[in-house]
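Hi everyone, thanks for making time. Let me put the structure up, and then I'll walk you through a few of its strands.

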Amino acid sequence: MKKRFKTAFILGAGLGERLRPYTDRCPKPLLPLRGRPIITYALDHLLEIGVERFIINTHHCPGMYDKAFPEGSWRGRPLVLRHEPSLLDTGGGLKNIEDLLPCDEAILCYNGDIVTNLPLANLIAAHEDKRPLVTLALRTSGPLLNVRITQDEIRDIRGITGMAGERGCQFAGIYAADTELLASLPPGKPESLVSLLIGEILKKPGSVRGVVIDEGFWHDLGTVAVYRKLEAQGVFLPQKS
């Protein structure tokens with residue numbers, strides 16, 4: 001039976017240090033981009049494939065998220081904010097929402113500073129086909145081609161395992177995960193997604209897979225230069241009322 005991805009987790013708790021001074025008083029995902037917060041492009045992208053509920057983790061300037069989403073929703077879909085008094089990193093933040101996922105078999109995770117229109121249906125189809133614990137969306141071009149993959153099996157990330165792969169790819173900041181992945185994480189402790197995935201790769205080869213999706217555009221708003229360029233050019237998702 002196909003898994004239904006009803007819930008999406010959008011990472012919004014980072015400090016955005018590389019985008020200072022813009023992020024001194026604003027979380028990076030809430031920075032305005034062509035008249036709307038960056039994170040809303042991700043929310044609209046996820047709505048296109050039928051996501052019914054959003055969860056966003058917060059840390060830096062959390063009150064700004066309350067102001068951005070005062071009704072606890074986005075375009076009629078529930079939006080839950082989960083605050084992290086201390087940063088839990090990309091893996092620990094996912095563990096921190098486990099109690100909000102009692103009925104979810106799988107979840108889509110999306111970095112809050114990514115602007116893209118890559119076809120998410122391809123990611124879901126790949127995850128449902130092989131049924132791994134995690135399937136990463138990958139690109140064949142980008143600034144960090146440090147995900148080593150053979151066919152669709154991820155062998156290494158950042159050179160940690162030392163296992164060779166047929167090619168290197170860029171992690172697109174979006175992935176599908178079975179919620180059983182969270183069982184191996186201790187609650188309340190910082191943990192990176194990379195270390196979590198490396199542990200699974202070493203423990204059970206084939207449990208972490210990837211799908212190359214080069215269609216569409218993809219931008220990581222990690223630097224002031226990229227942010228200013230996109231703000232000036234506006235070459236990304238169309239405006240919606």
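Let's begin with strand β9, residues 134-139, which is mostly covered, with six of its six residues buried. Do keep in mind that we're looking at a predicted model. In a regular strand, side chains alternate between the two faces of the sheet. For β9, both faces are covered: Val134, Leu136 and Leu138 lie on one side, Thr135, Ala137 and Arg139 on the other, and all are buried.

So which strands does β9 pair with? One is β12, residues 167-178, which runs antiparallel to β9 over five bridges; there, arginine 139 has glutamine 170 as its bridge partner. Another is β13, residues 208-212, which is parallel to β9 and joined to it by five bridges. In that pairing, leucine 136 partners with glycine 210.

Now over to β4, residues 53-58. Six of its six residues are buried, so this strand is largely enclosed by the rest of the structure. Arg53, Ile55 and Asn57 point one way, while Phe54, Ile56 and Thr58 point the other way. β4 pairs in the parallel sense with β1, residues 7-11, over five bridges, and alanine 8 sits opposite phenylalanine 54. β4 also pairs with β6, again parallel and over five bridges, with isoleucine 55 opposite valine 80.

Last stop: is glycine 76 buried or exposed? This glycine lies in the loop between β5 (73-74) and β6 (77-83), and at 68% relative accessibility it counts as exposed. Its C-alpha atom is 33 Å from that of valine 208, 132 residues away along the chain. Happy to go back to any of these on the screen!

Note on methods. Residues are numbered from 1 along each chain as its sequence is written. This is a predicted model: local features need pLDDT of at least 70, side-chain atom pairs count only at pLDDT 80 or more; totals for chains, interfaces and linings use all residues. Side-chain values use heavy atoms; hydrogens and water are left out. Helices (H or I, at least four residues) and strands (E, at least two) are DSSP runs, numbered from the N terminus. Buried means under 20% relative accessible area, exposed over 50%, partly exposed in between (1.4 Å probe, protein chains only). Two strands pair if DSSP finds at least two bridges between them.
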